Amino acid sequence: MMIFLDFPLYFMESLKRWSSLHGYIAMFMFLTTVSTGGTCEAPSSPQCFRRNADESVYICEWSMNTSQGDVTFDFYFDKAKFGSTNKTWSQYTEEQLIKSRPVDIWVEAHVGNSSCMSPKRSVVLRHTVKYEAPKDISVSWLKNNLSLIWRAAEKYPALAEVWFRQDKHPTESWEKRKANTTTKETFMYQVIVVDLLKHIAYQVQIRHQPTLARAANPLWSDWSPVVIVPAELEYKPEVTMRKTLSNGMRSLNLTWKPMIHAAAVRGGVTYSLSDTQCSHGCPCPCKKRHNINTTYYTTYVSYSAVNITVTARNAAGYSPPAIIQVPAEPAVDLETCDKTLLEEKLNKKTCLEWYEFQEGDSRPENVVTLTGRNKKAEKKEIIKNVKEYVRYVYLEHRCLRGKPQTVKMCLFYKKEGVPRKPQNFITFGETHNSAYLSWKAIPSVDQRGFLTHYKLCSVKISSQDEQKECHNISASLIKYRLENLTPGTKYNVSLAGVTIKGEGFQVTATINTHPKKPVNVWLSLGLLFGFFLMSIMCTFILKRIKNKILPPVPTPVILHFTTHQLEESLEKEKEEVHDLMLLQPLPEAKSLPVDVEETTVQEWDNDTDEDVENERGHSRTSEGTSDTCLSPGSTEQAVRSSREEEPTDVEQVDEITMLIYRKGLVFDMKTDSP
């Protein structure tokens with residue numbers, strides 16, 4: 001197609017050369033090309049350019065769609081042939097080419113016995129620049145903006161075109177952005193694509209070209225390979241730690257959650273771990289950084305404080321670091337060092353650490369490390385910086401089968417002195433012969449040595465001839481009771497801490513004991529009498545309450561009377577008896593005559609008196625052996641006997657009820673009619 005379109009141009013040139021032999025030859029070649037063009041697909045029009053404006057070598061390249069392996073190309077520059085090649089490019093120095101004026105360039109392809117020619121292109125080589133395709137592209141997130149960085153073609157800015165789309169939708173069309181690059185000091189181009197979503201993975205490709213300020217005819221570079229941009233690692237790893245102590249070692253098992261899937265594309269997520277113990281090389285030499293692709297890790301550390309850093313990494317950058325602070329094992333109840341290796345020569349598997357002792361501080365600062373790899377001058381300078389009168393925690397580590405082990409942990413002083421005085425020394429609770437003393441324990445920083453005990457001394461102020469009495473008190477006490485003091489006396493008391501270097505600075509206080517009070521005899525007697533009176537009253541009240549709640553059960557009294565005594569008592573005692581007889585109403589047909597009623601009452605009176613006297617005497621004489629008493633049955637028997645002796649018309653009565661009242665007692669007497 002392209003050959004026939006260029007036919008008029010070739011025909012006119014052929015006519016100009018028709019009169020010469022060269023014209024015939026050119027016409028013959030043209031006709032041969034036209035006749036054979038049907039079996040050869042013409043290559044593309046060539047491009048000649050420099051890689052940057054300062055290059056002296058030009059590259060000419062073209063393309064051809066063919067599967068033939070024996071294709072050769074002839075490159076023509078301004079009607080001159082520049083050799084043959086079987087590649088789709090060739091390069092020439094600037095001395096071989098014309099750079100300042102327009103020239104025509106084309107390519108002629110030969111496939112077997114067929115030939116075809118590319119379209120011609122007119123170019124000015126000096127103005128034509130084409131960069132290489134961007135490569136080694138690094139990506140990173142700046143909030144919701146994507147930063148793309150690649151190596152610069154030259155130190156001047158360029159124009160870049162960025163295509164991007166979401167990685168989870170690879171069939172969608174590309175979004176396109178153009179922007180001028182910025183050049184970094186390290187000759188790197190940078191383009192920032194704004195307003196993206198940092199938690200989503202993207203596909204990105206880039207091409208760039210020089211600006212018009214650098215080239216009048218800039219060409220776009222080839223496209224870069226498609227780059228997968230993972231999501232940002234926005235959060236630090238959530239690390240959990242489990243610690244196990246064993247024989248001077250601490251095994252730390254670290255685990256953490258995996259990152260989101262969008263952050264794990266393009267090579268996944270790797271994790272970088274480092275710790276301060278390896279950075280010092282104490283005691284075992286190890287890698288300063290471990291890169292792993294799992295979500296768990298086990299390491300071994302000594303008893304000193306260690307910081308472990310875990311950082312996640314993907315192609316877009318790093319996550320914020322997760323710092324696990326492993327405190328030193330508590331310096332509680334540590335003993336005094338009997339010996340240290342500060343002045344000894346250390347082997348490569350032994351190292352020493354020490355730091356200033358701080359009460360309750362498990363994360364010490366300014367930890368000093370001394371290893372066998374330190375030179376003699378360095379070791380001397382390190383030991384020289386150890387302070388006098390300062391308490392240090394000393395740790396001795398060894399490397400055992402590649403694992404750090406703490407073999408000694410104790411306290412030491414480079415040089416000891418006397419302690420400073422205790423604080424808040426006060427007295428309280430004074431009595432006539434004792435008083436309490438309290439103070440604040442001397443801080444370790446003021447002890448200036450190992451405190452062995454406190455020395456407490458007291459002396460009377462009233463007389464200068466009195467000797468000072470001193471007591472040694474345990475260093476762990478902060479309260480003491482001073483006894484055996486003289487009543488009404490003023491004392492001067494002093495307290496000081498003691499180390500192996502001697503007694504430290506004293507703190508003083510004053511004690512005023514109370515005078516001894518005489519015992520009040522009358523007060524004691526009054527209290528005793530009151531106690532006695534109170535006990536009597538309480539006893540009486542308790543008995544009354546007992547009688548109310550649990551009344552006493554009377555005990556029967558058995559009296560032994562003789563017959564003579566019974567008769568005398570009966571004769572002396574006379575009792576007025578009031579008798580009342582109740583008669584059951586009778587039917588009108590049965591009425592008692594008046595005389596019968598009177599006779600009955602009269603007989604009852606007589607008989608009742610006798611029966612009562614007999615029954616009283618009988619009950620008194622027989623009380624010890626029998627519990628029988630006057631009952632309604634005995635009274636009824638007496639009435640019946642009187643009826644039998646003097647039968648009257650009263651027998652016709654069905655029932656007679658009689659009530660006898662005697663000394664507050666009422667007897668119910670009933671008789672049944674026969």
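The protein chain has ten helices and 40 strands, where helices (H or I, at least four residues) and strands (E, at least two) are DSSP runs numbered from the N terminus. This is a predicted model, in which local features need pLDDT of at least 70 and side-chain atom pairs count only at pLDDT 80 or more, while totals for chains, interfaces and linings use all residues. Residues are numbered from 1 along each chain as its sequence is written, and side-chain values use heavy atoms, with hydrogens and water left out.

Strand E1 (residues 47–49) runs antiparallel to E2 and is joined to E2 by three bridges, and five bridges link E2 to the antiparallel strand E5 (residues 89–93); two strands pair if DSSP finds at least two bridges between them. Glu 61 in E2 stands opposite Gln 47, and the bridge partner of Glu 61 in E5 is Trp 89.

The whole structure also contains seven disulfides, each being a pair of cysteine sulfur atoms within 2.5 Å. One of them is formed by Cys 40 and Cys 116, with sulfur atoms 1.9 Å apart. Because Cys 40 lies in the loop between helix H3 (21–36) and E1, and Cys 116 in strand E7 (residues 114–117), this pair ties together parts that are 76 residues apart in sequence. Both Cys 40 and Cys 116 are buried, where buried means under 20% relative accessible area, exposed over 50%, and partly exposed in between (1.4 Å probe, protein chains only).

Another disulfide joins Cys 278 to Cys 286, and this disulfide is left-handed because the torsion about its S-S bond is about -135°.
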